[in-house]
Amino acid sequence: SDYQYSASIVLDDVYINGEKTANVRVYVKGSGEINAGDILSFEGNVQNSKVSNLGQFNSYDYRDGVRYSTEVSYKDIVIADGYLKFDEMVRLAVKEELYSNMSETNAGTAYAVLFGDKNGLDDQVKLAFTDSGIVHILAVSGLHVGFLIALFYGFMNKCRVNRYVNFAITTAVIIFYAYLCSFAPSVCRAGIMGIVYMLSKLLQRKYDSLNSLGISGFIICLISPLTALDIGFQMSVFCVAMIAIINKPLAILFSRVMPYKIASLLALSISAQLGVLPMTISMGSLNLLSPLANLIIVPVFSIIYPILFILSFASTFIPIGDLLVVVDWMFTAISKVAIFFSYSPLIVTLPKFNFSMKSFY
């Protein structure tokens, strides 16, 4: 994470006094260029990183496997060229295409949408997305995985590829994408549910979204138990659960007074908002117009994301990056709508409280 006069860096291949140890988060004071893959050498005192403290949960350190932290001045660091891991190389190639063909603000938004990395997100855009209630589109989750399934599984199904081969290839694609997203809780939840969905088709069994959600939550917490305290994981699980429970009844109810397609979109938006309501209230404010904002933005975003995904990855191999200007225009429109709803007169300020343990960064 880069700031104006400082940076926060995670070192994931660390030696202290010649002995290999766990990941270390380094707070660098002062400005200077440090890139992913660089080898940093410095002297300093490290301290234990507390994952939880007084009812709060440090989701960043837990996700990154950080065990220690330290502070150091930029001028006291010796920087040497290192190497990029494969996932870093892929993300960097995509990032270069985005920033070369889009405005800096929209490129940061697009990168966050693709990989869930919000470090390059413009502060005003992030605040507008949060206040308008659409910040969830920046988390890699069901929409992203659903597109991958439609693109690969659906395409190979049309081409009459052997169903077992189809399942294996699409599963590998989902796991690879989760790897590129650093196995964030939301993408792991969506990925497991997507794999269970394909498995139900493969075995010709009925798919049940609540059972699938339970399986995904069980597997994630079995591997990484404290993920249950991560607010991003909580929002993802509660959102999907509420959609599974009340989306269809709401859609039937609304269809009595409006066309079914509009009713289903409105029901989906309200269900999702009700699902994340406890976490939203715990943050101290609630925008009563957020269902309307989602009703407008989510359908548009569902069109933008496939175009963004295909162009951003394909442009690293073939020269079609110029077409990203279309995505740039669409993200500008979304940001303007988000800013409009962020000034809603119907934002209710509420007393903050902790829903389980509050995540801090």
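How many bridges join strand 1 to strand 4, and do these strands run parallel or antiparallel?

## Open sheet

Strand 1 and strand 4 (residues 23–29) run antiparallel and are joined by six bridges, strands being DSSP runs of E with at least two residues, numbered from the N terminus. Ile 9 stands opposite Val 26 in strand 4. Four strands form an open sheet of mixed pairing in the order 1-4-9-6, where two strands pair if DSSP finds at least two bridges between them. Strand 1 (6–11) and strand 6 (47–48) are the edge strands, each pairing on one side only.

## Basis of the model

This is a predicted model, in which local features need pLDDT of at least 70 and side-chain atom pairs count only at pLDDT 80 or more, while totals for chains, interfaces and linings use all residues. Residues are numbered from 1 along each chain as its sequence is written, and side-chain values use heavy atoms, with hydrogens and water left out.

## Cysteines

The structure holds zero disulfides, a disulfide being a pair of cysteine sulfur atoms within 2.5 Å. The sulfur of Cys 188 is too far for a bond, because the closest cysteine sulfur, in Cys 181, is 9.2 Å away. For Cys 221, the closest cysteine sulfur is that of Cys 188, at 11 Å, which is also too far for a bond.

Cys 188 is buried, with a relative accessible area of 18%, whereas Cys 221 counts as partly exposed at 24% relative accessibility; buried means under 20% relative accessible area, exposed over 50%, and partly exposed in between, with a 1.4 Å probe and protein chains only.
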